[in-house]
Amino acid sequence: MLTLASAKIPTPLLAALGGWILAWHGSFQHEAIHGHPTPWRRVNDALAFAPLSLWLPYPLYRRTHLAHHATHDLTSPEHDPESRYLPPTASRWARVSAFAGSTLAGRLLLGPPIEIATFLVREARGLGSPHAATARRIWATHLALVAVVVAWLHFACGLSLDRYLLCFVYPGAALSLIRSFAEHRAHCLHDRRVAVVENAPVLGLLFLNNNLHAAHHDSPGTPWYRLPGRYARERARLLAANGGLAYDGYGEIFRRYLLTPHDHADHRKALETSS
């Protein structure tokens with residue numbers, strides 16, 4: 001409906017609504033990965049499969065996110081595929097990118113193109129491997145579905161691709177990066193690497209309560225609408241386990257990290273700082 005009416009909506013309003021919808025869709029994909037809203041994986045995958053972001057194939061997101069939950073060394077760039085920390089062997093480009101996104105302002109403004117470009121370059125390099133047959137099939141299916149989305153935008157909505165990128169993809173990625181900015185923190189104790197953002201009624205709804213991240217990692221199979229109740233019951237235990245790593249709403253994260261780095265980008269140095 002939003003894309004069909006896009007010609008009548010001012011660009012700033014379209015960016016606000018489009019960004020919300022795409023970030024919300026990303027939250028729904030996250031729920032589908034964890035077995036919701038139905039007991040059947042094929043149904044959940046079919047509901048979440050549409051590539052509205054254009055750049056991220058759902059099967060690849062599913063694979064890396066489940067690997068993120070499976071590792072016992074969260075935040076480690078060697079073991080956690082969703083880590084935003086750097087190994088000692090990181091390239092100059094990786095270090096520049098990490099510096100650009102070390103503050104929340106940098107993450108919001110520069111994070112989307114850096115994240116998307118880094119992901120696409122890494123995937124393109126891997127597709128040439130003789131062991132990448134599965135990845136090539138995933139990308140072939142993904143690109144075919146992207147063509148359907150682009151055709152819908154062009155022929156049904158009269159919405160140009162650049163306006164869709166500006167008003168849907170970019171703000172959607174930026175909103176999602178707010179959630180991921182401070183949900184993990186390197187620490188010498190593994191239990192203290194998962195944060196909680198309390199008192200977040202608006203962004204909590206956008207993120208389908210994934211702001212209660214310690215509760216989510218403690219029970220990944222709990223659906224989003226039951227997570228607040230579980231967190232309320234287990235709050236004392238969860239905060240004792242994570243060392244009290246909790247924020248009073250996303251306002252606190254903005255106040256503390258808008259122009260100040262969240263942590264040292266190098267994982268080993270971040271661990272040394274926490275000890």
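**Helix α7**

Helix α7 covers residues 161-181, 21 residues in total, and spans 28 Å from first to last C-alpha. That is close to the 30 Å expected at 1.5 Å a residue, where the expected span is 1.5 Å times one less than the number of residues. Helices (H or I, at least four residues) and strands (E, at least two) are DSSP runs, numbered from the N terminus.

**Basis**

I am working on a predicted model, in which local features need pLDDT of at least 70 and side-chain atom pairs count only at pLDDT 80 or more, while totals for chains, interfaces and linings use all residues. Residues are numbered from 1 along each chain as its sequence is written, and side-chain values use heavy atoms, with hydrogens and water left out.

**His 25**

I found His 25 in helix α1 (residues 11-33). Its relative accessible area is 14%, so I log His 25 as buried (under 20%; exposed is over 50%, partly exposed in between; 1.4 Å probe, protein chains only). Setting aside neighbours within four places in sequence, His 25 is in contact with Ala 48, Ala 50 and Leu 52 (heavy atoms within 4.5 Å).

**Asp 73**

I located Asp 73 in the loop between α3 (58-70) and α4 (92-100). Its side chain makes a polar contact of 2.7 Å with the side chain of Arg 193, and one of 3.3 Å with that of His 79. A polar contact is a pair of N or O atoms within 3.5 Å; within protein, one must be able to donate a hydrogen and the other to accept it, and residues adjacent in sequence count only if both atoms are side-chain atoms. Beyond four places in sequence, Asp 73 touches His 79, Asp 80, His 190 and Arg 193.

I used a 1 Å grid over the protein atoms alone: a cavity is a set of points where a 1.4 Å probe fits but cannot get out, a pocket is an open set with protein on both sides within 12 Å along at least five of seven lines, and lining residues have an atom within 4 Å of a point. The second largest pocket has 17 lining residues; Leu 74, His 190, Asp 191, Val 194 and His 217 lie nearest its centre. Elements giving two or more residues to this pocket's lining are α3, α9 (213-218) and α10 (227-241).
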